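Take a look at the model below.

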Amino acid sequence: MKVLVGYMSQTGNTKKVAEAIFSQVQADKELKPLDEIKSLDGYDLAFIGFPLHGFAPANDAKVFLEQHSPGKTLALFVTHAVPEDYEELPGWLDKCKAAAAAGKLVGMFDCRGELSEPIAEMLKGSGDPKMVGFGNMRPSTMGQPDETRLERARAFAREIMAK
C-alpha cells in the first residue's frame, strides 16, 4: 500500500497534524505540501489536510481536491480556530467534504489550531461583530493543536489505516 500525507499549512498548525498522522502510517508513505503534489495517481490512500478560511476550505485546497479527488481514496484533516463544538463548524466541514465529493472519502478529522496574530488583528479591525468575536478568540487558541489534539490525529490515522 502506498500512502500520501499532503497538507497546506500557512502557520504550521496543519503541518503539525500532518506530521502526527504521518507518524502512524505503517506503509510505503510520503509527506508533502499540497503545492508539491502534481497528482494522486499511484497512491492507494491520500490523507489531505488544510485550514478553514472564510468558513470553507482554503481556496488552494478546494481547487486541489476538485481537480485531484475523482476516483481517489481520501481521508481529510482540517484545522480551524474555533472550538470543535462550535455550532456552525459542521456546515463548514460539509463544504470540505463537498470539495472532495468526486473521491471516496473514508474519514475526516478536524481540530483547533492557533489563530495567528496578524489574522486575529485583521478580524478585530474588520468592523463586523462576528469577525471581531473570532479575532478575540486568539488567546484561547494559543498552543493549539496541543498534544491531546495531536494524539487524536494519530488515533485517526491508525483507525483509517486499519480499514
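F55 has a relative accessible area of 26%, so F55 is partly exposed (between 20% and 50%; buried is under 20% and exposed over 50%, with a 1.4 Å probe and protein chains only). This is a predicted model, where local features need pLDDT of at least 70, side-chain atom pairs count only at pLDDT 80 or more, and totals for chains, interfaces and linings use all residues. Residues are numbered from 1 along each chain as its sequence is written, and side-chain values use heavy atoms, leaving out hydrogens and water.

F134 is buried, at 9% relative accessibility. Ring pairs join F55, Y86, W92 and F134 into a cluster. Rings of Phe, Tyr and Trp (its six-membered ring) pair if their centres lie within 6.5 Å; planes under 30 degrees apart are stacked, over 60 edge-to-face, and the rest tilted.

The whole structure holds 7 aromatic pairs. In one of them, the ring centres of F47 and F156 lie 6.0 Å apart with planes at 80 degrees, so the pair is edge-to-face. F47 sits in strand 3 and F156 in helix 7, so the pair ties together parts 109 residues apart in sequence. Helices (H or I, at least four residues) and strands (E, at least two) are DSSP runs, numbered from the N terminus. Both F47 and F156 are buried.

Helix 7 also meets helix 1. Residues K16, V17, A20, I21, S23 and Q24 of helix 1 contact L150, A153, R154, F156, A157 and R158 of helix 7 (heavy atoms within 4.5 Å).
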